[in-house]
Amino acid sequence: MAKKKYWQSFGEFNNSEAFKKSTENEFPEELPLASADDKGLANAPASRRDFLKYLGFSTAAAVAAASCETPVRKAIPYVNKPVDTIPGVADYYATTFVSGNEVLPVVAKVRDGRPIKITGNTLCSYTKGGTSTRAQASVLDLYDTARLRHPLAESKAIGFDAVDKLITDELAGLGGAPVVLLTNTITSPTTRQIITEFLAKYPGSRHVQYDAVSYSGMLLANEATYGKRVIPSYHLETANVIVSIGADFLSTWLSPVELQRGYAVKRKVNPSNPEMSKHYQFESMMSMTGANADERFTHRPSETGAVAAALLSAVNGQGAGDLTGKLKAGIEKAAADLVANRGKAVVLCGSNDTNIQIIVNAINEAIGANGTVINFNAPLLTHQSADADIVSLVSDMEAGRIGGLFIYGANPVYEYFDGQKFGEALKKVKLTVSFNDRKDETTVLCKYVLPASHYLESWGDAEVKPGYYSLMQPTISPLFDTRQFQDSLLKFTGNNTTYEAYFRNYWTGKVGGADTFNRALQDGVIEPAAPVAATAVAFNGAGVQAAIDAAKALKKNSGLEIVVYQSNSLGDGKQGNNPWLLELPDPITRATWDNYAMVSPQLAKSDAFKGNKIDITNTGQADEYEVEPGKPVISLTIGNKKIELPILIVPGMQADTIAIAVGFGRSRDIGKAVWSKDGGTLGKNAYPLLSYNGSTFDWYATGATLEMTGRTYNIAQVQVHDKTEGRQEVVRETTLAEYKKNPKAIQEERDKELKAWGGLENFEKQGTIYPIHDKPGVKWGMSIDLNSCFGCGACVVSCHAENNVPVVGKHEVTRFHDMHWLRIDRYFSGNPDDPESIQTIFQPMLCQHCDNAPCENVCPVAATTHSAEGINQMIYNRCIGTRYCANNCPYKVRRFNWADYTGADSFPDNQRPLVNAGKLDEVVLMMNDDLTRMVLNPDVTVRSRGVMEKCTFCVQRTQEGKLRAKKENRPLDDSDIKTACQEACPADAITFGNVNNPDSEVSRVRKSNEGRIFYTLEQLHTLPNVSYLAKVRNSPALSSHSSEAGEHATAQPEAH
Amino acid sequence: MIDQTPIARKAFFTFSLVILLSFGNKLVAQNGEAIFRENCARCHSLTVNLTGPALLGVDQRVPDKKLLAGWIRNSPAVLATGNKYFNDLYNQWNKVPMPPFPSISDAEMDALITYITTPPPADEPGGEGAKQVVDEKDNSILYGVLTLILAVVALIMLQVNSNLKKLSDDKEGIPSAEPIPFYRNKTYIALITVILFIVGGYYVVKGAIGFGRHKDYQPEQPIYYSHKVHAGTNQINCLYCHNGAYEGKQANIPSLNVCMNCHMTISEYSAKSEKLYREDGTEIDGTAEIQKLYKAVGWDPAAKQYTGKETPVEWVRIHNLPDHVYFNHSQHTKVGGVQCQTCHGDITNMHEVKQHADLSMGWCVNCHRETKVKFDGDDGNKFYSIYQKYHDEIKAGKRDSVTVSDIGGLDCQKCHY
């Protein structure tokens, strides 16, 4: 197998001097000892005498502190304990996560009355317990300090009774002027019914659904070609060939959890019958989905229509038309595969252009996807908004035709492409009421604010697909004086029942009895007995030719183009103040906290960057760009719109395309997490870059001009923090063809590498001078399938929530002080100048729990030791913070508490001075608020300053699982323990269990996949307990480009 | 741990003695009392009106024993016969019917009626009081004083000895050095320094180790709740109140509604029961303490209903583990079968609870080293079936038991995570 060169950064690609220097110094932190002059240590400002003084003082202080009286601790039991509640034992409630257009059936873990963790609901047939980053992080939103705590009337606090009266009076005084309910898509059947009742009371009123990210183009196209204004379900689990034209379906498009699940089914390789689906991606930017594709081709954003048209033409056997080069070849190849897999292939398209979607429908029709992979019988009801509705609403508002506007879940001032115009129009509406939970950009302009409760405090329901319901029940009493939107609407309708009663009544009637209802509430989901099967729907191809002509006309052949996308973590930005999401690194750029302009390496060295050209294959220029966090800021002008953003050079981008994410650049009122140090907020709002084409919003712009501002802006990337110094055995991959030819190739390769120490078989014994320890009973092990890890990061957020991992803020991430126990490393390979050659691989990296752990040997105080169960233990109360362990860890998975991020230190408020001095971000204080701290998991210690921490294999869960088995007097079972990361993964990439048990899932996976299994940096004899299954690509070949400068980096590392 | 063994032995002896002594009572009355407690005490007392009337003197009010027995077995039937006394009684008590007790046999009924008609005996000398065997006296002060006296005597003797020697030397004409006063005598100074160093060092080290440990911590609680009265005298199972101990991490201080299960009817501390004293000797009015409970839970004993005005009780927490320690009660009680008393001491004899063990890491670790898990055999936990190696060793006779430490009980992350 050819040696492949992987690189995380351009410095690594070039193996530059600065990169080598930075690898020597893991934490580039100057020691505060100012003894730089040659006067010797004794004359340095902090002398030995000072040291002794401090030592003496601190000892004296410690003695004085210790001699204080022990505080008296109180224990206050319930007066009346609810039956079945045992303090200290968690309860689980099935409910439904709803944020923007994302609806997921989930289960909330409630400890002592506080929801602390979200997991997926395994009873749901289409998610099977999968979750997304946003669902995982949603529990933190409940405890958000920026949530409104009471209703507001003209910015003054008021009670619900008083505000109800004011609004009812104003409604009565509108004199027949229509009231508009502006919401995002409502999936809740009861809410829809309540809205209907409300509208009936105010004749002439209407309900406008407005989604920040709409699928209007698809809805219109489906209406045109199938006569159904719906979005179908996609059964990717049945597709052998998937062609995506700019659809980031693994990350943000439509229903990513469901699509990831389906996609993963055909991406896992069964060793006895190695087959996989083939995934082609045609896109302009480097998306997470594109990074997972087997073959990837780039095109200009304006060319999307031409690509779709060419694909249709190729599918119909007429070649890819007027396209050229790799793109043409790619389309013809994809078309051939699609045709060959008729009925088992599908084309997805991320465009919001009706014409393009009509062409895609024609392709899907031609390849028999309609009725097989595409299911119109179970349409997704989560995206129903039509872009034209909001546009006409705004003109109605401007014309003063709207009497009252009730806004719930929508934030048009921020999300609408012309938010300013919406804001102006809002002033012409007499009665404006917002039901949003915080003072967001729209809410601050509204006269009345009736904050709605968080979903974890609410009753409710959602109909994701017809017949597929998910129920919502409160897991905690409302924390503040908030009220559900439905309750408010019922009040204004003049209905005095509460929404809870209304909801119960509705569902008891619908499911037939209170008992059935209670059972449904307990399960959380109500689904049809048999899955709704797909049948072909009649296709009307009359408009296809017109659509082709219109789509082709969009193509521009020159100039810069901009594509606007949803970031993997924030999505449409509804959870914009969520620190867990903001600190989650982007899968591709590995950047946190900000948005930026993604540019191609070609563009960065082109004349557009005059005065500041960056050739990332030029060692000096690459270093200058990469080593410092400050990135050059560019100014982009598109028509009359202007945006200034720092750049990140990303290989795989189409040469003339710049990609910008929405969800950033919020107002300071939405919460402290978005505050930047300069008094503004993080990032820039990219929604204004959208444009309205007469029927839908376009998510791209053409004819942009670029100017250098000469300034730089810090981007907090975690990309290059953890280097493995050219050691090649970190990730392994092969192609499906090679794997079929020799399934044991990787095993043989490993054996060859370990030959010097007895080969695979005897490596454990011969590779060390240490004795081998017995492992009776339990030995924990994890296996991660790189074929089903798509990089989404749900596991990272889940780990964050489960293990009380601190949020450190942008400034600390810039200083490489990020604290994630689990990171998803992203490696590129290929030629940065050739976007088609770039292959990406994601590798979740966490503590490998080495049986021969290098960190354990070097700890002077034995704070990190090995347990009898094979867990590499980190004992916080024993750690004195030498950081030797982190230094000696080849995987760079240990994290050090450089500051008191969690407020665990004995001295209160000791972060405040650091925040004031600009060394910590305000978000650290936000995370330390008494309210936010309610999210902490009481079973996991909150670490204090000066302590090392890392993945524990969720020891609190293994302990709990073992205890459960012991209490039930039975052997341990796989279902007893699921780690937080494993539980969150929609694609089931992670298996965990007792490897001493030959019947456990992890043992079976390891045994049946002997040919693919590998351990990271195995030759170091660390004997990790985390194994990986090598990635198998369904690509023709692995990209083997290596630049001249990079040759020596691929050389075999010397044995360490 | 080592110090505790003789105390435990003595405590056991005392306990056995108490049990032996308490067999002196009359069997029948005992029986009647038991039946009364089991069936009637929820609503009746002998001397006080509760949900139902006080029962003492019922033989004068209802001379017909058969009628009384019939009433007890099936009161609605008696009411239906139109009996005037009982119908009046029924109306007088807000028409709260007395539930029927048809299962009480004739012999039991006799015992019960005998019990409720006999005035409870006055303070029995030699009752509770006599059961309290004289506490073990701490003799260390005595020994200390003795040692001190002996040391002074030894010093005096030494001084006398040297004086005598000097005298005899003088007599025999042997020249002797000028006597040095003992405070300048280097031997003495050295000796005292060494003694001071050892004693001082001992206390410094002991004090340092003891930081944060609170053995014998016995704070005053907001309500004087006597574990001895409840768990000792009245034999209430620990788990009745601390029901979390079998289920989860915390044993849990019971919520007040658990107290009210009994105290709905038990509104006063009988004057005939053992007198309660605080550690400092002040006497406790048990009835007043029960009133505190009523106030907290919002119970109006006169109207016999909840007022809704609740004030949670702020108990002072006695057993505090540091935040970095994970401890799970159910692991030890339900799985390990450890008795509550092993860690909490002889609770049944403590009025006010004090911390029995020092809850230090050494104390935990020692127990994990010594305790054998239920590994094998009939009561063996099937969880341990996965430890094939140990099972093989037991079969081969190489090992007779498996301790907690053998299955990873000394791993740091058993408790610290």
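Modeller: Two residues are in contact here if their C-beta atoms, placed from the backbone, lie within 7 Å. The model is a predicted one, and every value below is computed from it.

Start with A369(A). This residue sits in the loop between α12 (354–366) and β14 (374–380) of chain A. Leaving aside residues up to four places away in sequence, A369(A) touches A345(A), V346(A), N364(A) and I374(A). Is A369(A) buried or exposed? A residue counts as buried if 20 or more other C-beta atoms lie within 10 Å of its own. A369(A) has 31 other C-beta atoms within 10 Å, so A369(A) is buried.

Next come the domains of chain A. The assignment divides chain A into domain 1 (91–142), domain 2 (152–214 + 385–526) and domain 3 (233–379). Between the C-alpha centres of domain 1 and domain 3 of chain A there are 30 Å. Their contact takes seven residues from domain 1 of chain A and five residues from domain 3 of chain A. On the domain 1 side of this contact, two residues are nonpolar, four are polar and one is charged.

Chain A also has an open sheet of three strands, in the order β2-β3-β4, with antiparallel pairing. Which strands stand at its edges? They are β2 (91–99) and β4 (114–120) of chain A; each has a single partner strand, so one side of each is left without a neighbour in the sheet. From one strand to the next, the twist averages 40 degrees. Strand β3 (residues 102–111) of chain A is joined to β4(A) by six bridges, and the two run antiparallel. Take V106(A) as an example: its bridge partner in β4(A) is G120(A).

Strand pairing also links the two chains. Strand β1 (residues 74–75) of chain A pairs with β5(B) in the antiparallel sense, over two bridges. In this pairing, A75(A) has W315(B) as its bridge partner in β5(B).

The contact between the chains involves 45 residues of chain B and 45 residues of chain A. On the chain B side, the elements that give two or more residues are α13 (256–263), β5 (315–316), α15 (329–335) and α18 (388–395) of chain B. The largest share of that side, four residues, comes from α15(B). By class, the side of chain B that touches chain A has 18 nonpolar, 17 polar and 10 charged residues.

Last, chain B itself. Chain B contains 18 helices and five strands. Its domain assignment gives domain 1 (24–122), domain 2 (140–209), domain 3 (227–332) and domain 4 (371–417). The C-alpha centres of domain 2 and domain 3 of chain B lie 56 Å apart. Of the 417 residues in chain B, 16% are buried. Among contacts in chain B with a separation of 6 or more, 64% are between residues 24 or more positions apart.

Note on methods. Residues numbered from 1 in each chain as written. Chains lettered and ligands numbered in written order. Predicted model: local features only at pLDDT ≥ 70, side-chain atom pairs only at ≥ 80, totals over all residues. Nonpolar A, V, L, I, M, F, W, Y, C, P; charged D, E, K, R; others polar. Pairing = 2+ DSSP bridges. Domains from an automatic or database assignment. Buried ≥ 20, exposed ≤ 12 C-beta atoms within 10 Å, placed from the backbone. Axes fitted to C-alpha atoms, helices over the stretch in contact; angles between N-to-C directions.
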